[in-house]
Amino acid sequence: MPSSLCQISRVSTSLSGFLTFFITFHISKVESALFTVVGPDQPVTAIVGEEIILPCRLSPSMSTENMEMRWFRSEFTKYVHLYRDGRDQFGGQMPEYRTRTAFWKDGLTHGNVSLRILNIGLSDEGQYTCFVDDGITNEEAVIALKVAALGSNPIISVEDYQNGGIRVTCRSAEWYPEPQVLWRNAQGHHIPSLSEIKSPKAKGLFKTEISVVMNRHSNQNLSCWVRNSLLDREKESAIYISALFFPSVNPWMVALSVILVVLLSFIILNVYLFRIKGNLQKELGWKRAVICPGLGQTALPLEKEDVTLDPDTAHPELVLSEDGKRVKRTVTRQDLPDNLERFDTWCCVLGREGFTSGRHWWEVEVEVGEGGWCAVGVARDSVRRKGWIRFSPKKGVWGVRRYWGKYEALTAPHRTPLPLDRAPSRVGMYLDCTLGRVSFLNADTGALIFTFPPASFAGGRIRPWFWVQDGEIRLRRRQ
């Protein structure tokens with residue numbers, strides 16, 4: 001009997017030790033996987049038509065490549081963006097976010113799960129949840145996004161005579177949220193308005209109209225001030241009306257004076273526009289003569305460059321042809337050396353050729369789907385290759401981009417929309433290192449697409465630059 005009791009005691013002791021080990025191991029495993037999802041304390045503000053980054057990261061920093069990362073709004077199952085099983089999952093993505101969201105894949109190894117949203121609209125405003133699940137535990141953070149639009153410059157117009165003075169109206173549109181608008185005199189003091197109208201347009205953006213009556217003895221010099229409180233930015237226009245235009249004892253003299261001033265202004269405006277037209281025709285004729293030799297008697301010889309792509313600068317998701325004449329993006333990231341010359345965030349590649357002087361000309365063929373976008377242009381050899389960059393001349397890039405069916409020049413601080421009716425199948429790029437000019441033409445029709453303001457290219461090489469997010473770019477051979 002004592003032997004049986006010893007055996008039972010040993011069994012009990014072993015079972016107790018096993019349970020203790022199992023619980024300790026499980027708790028240790030859970031504790032080792034603990035993390036916190038961290039987002040910004042304050043709302044993030046985005047501007048209509050631009051892009052925004054919703055910050056979100058893991059603390060402590062750890063790789064999220066094998067975790068589930070889900071961004072959603074009000075419903076968990078209707079997601080804005082989902083990363084699971086080592087790749088993006090677009091099957092159940094909300095339709096309004098398709099082709100508009102992305103993660104920085106390089107940041108996932110460091111716990112950066114920030115979401116990039118392109119082409120911001122008013123409907124994007126609201127709360128977003130950043131949810132991370134490692135299979136054992138899950139955490140989330142809520143980020144508030146506010147959307148704003150900086151409207152047009154105020155336009156002041158003289159309406160008519162009223163109450164012994166002149167009725168003046170100020171109009172401005174494309175604001176969000178509802179702006180603050182008022183009249184101010186030369187000393188900056190507020191002037192009560194006669195009437196004020198604020199109404200949202202079909203797209204939800206606000207337009208405003210405010211009126212005031214100016215008289216001979218006061219308010220002759222005033223300004224219309226419109227402010228977006230969310231962006232803490234404002235726009236202002238001013239007007240001054242001489243006492244000559246105010247009602248007097250002889251209104252016919254006032255009317256005659258107004259007619260004479262309007263007539264004189266019309267004559268001056270026509271002379272000015274005639275000169276502008278002549279200068280523009282000369283400039284366009286010069287560009288056509290230089291860029292398209294043989295089309296005019298003043299044509300200057302200009303040989304096309306035989307541009308090829310530099311594989312040492314290509315982003316790992318770009319695939320180049322063997323002859324260096326074609327580039328397209330693939331969903332699979334290639335295992336390439338992370339050298340100093342290679343772009344690591346944006347899918348860009350430079351041309352092998354570099355130019356420091358003279359005039360140069362080459363053509364590319366651009367093929368982009370309806371929902372995709374890409375860009376072509378030139379860049380300084382010193383352009384930054386690592387991390388996020390907003391391409392513009394200030395950053396050493398002069399380019400034009402097709403952006404979800406629209407076209408824009410990569411200017412700063414805001415992009416310049418390009419009113420193109422249809423996509424050119426061939427784009428010609430012209431570079432004048434001496435004059436600091438960069439121009440883009442429709443190579444099919446010879447029509448000018450856009451010319452950047454003159455810049456200084458001294459002190460470094462200028463190279464062809466290409467940005468492919470979706471589609472394919474082909475370099476035409478020199479003939």
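Modeller: Phe466 is the place to start. In this predicted model, leaving out residues up to four places away in sequence, Phe466 touches Leu309, Cys347, Cys348, Val349, Val364, Ala375, Val376, Met429, Ile473 and Leu475. Phe466 also belongs to the largest nonpolar core, which has 34 residues. Within that core, Val364, Val376, Phe440 and Phe466 are the members that touch the most others. Two of these, Val364 and Val376, are also on the list of residues that Phe466 touches. Another core lies apart from this one; it has 28 residues, including Val37, Ile52, Cys56 and Ile143.

A second residue to look at is Ser211, in strand β17, which spans residues 206–214. Ser211 counts as buried because its relative accessibility is 1%, where the cut-off for buried is under 20%. Beyond four places in sequence, the residues in contact with Ser211 are Arg167, Val168, Thr169, Trp183, Ser193, Leu194 and Ser195.

Trp183 has Ile191 of β15 as its bridge partner. Strand β15 covers residues 190–191 and pairs with β14 in the antiparallel sense, over two bridges. β14 and β15 form a hairpin with four residues between the strands, and in this hairpin Gly188 has a positive phi near 85°. Strand β14, residues 180–185, also pairs with strand β18, residues 221–228. That pairing is antiparallel too and runs over six bridges. Val181 has its bridge partner in β18, namely Val226.

As for confidence, the protein has an average pLDDT of 82, and 81% of the residues reach at least 70. Residues 1–13 have a pLDDT below 50, and this stretch makes zero contacts in the model beyond near neighbours in sequence. Residues 289–301 also stay under 50, but the model gives them 20 contacts beyond four places in sequence. Where pLDDT is low, the predicted coordinates should not be read in detail.

Key
Residues numbered from 1 in each chain as written. Predicted model: local features only at pLDDT ≥ 70, side-chain atom pairs only at ≥ 80, totals over all residues. Heavy atoms only, no water. pLDDT = per-residue confidence, 0-100. Contact = heavy atoms within 4.5 Å. Buried < 20%, exposed > 50% of the residue type's maximum accessible area, 1.4 Å probe, protein only. Pairing = 2+ DSSP bridges. Core = buried A, V, L, I, M, F, W, Y, C linked by side-chain atoms within 4.5 Å.
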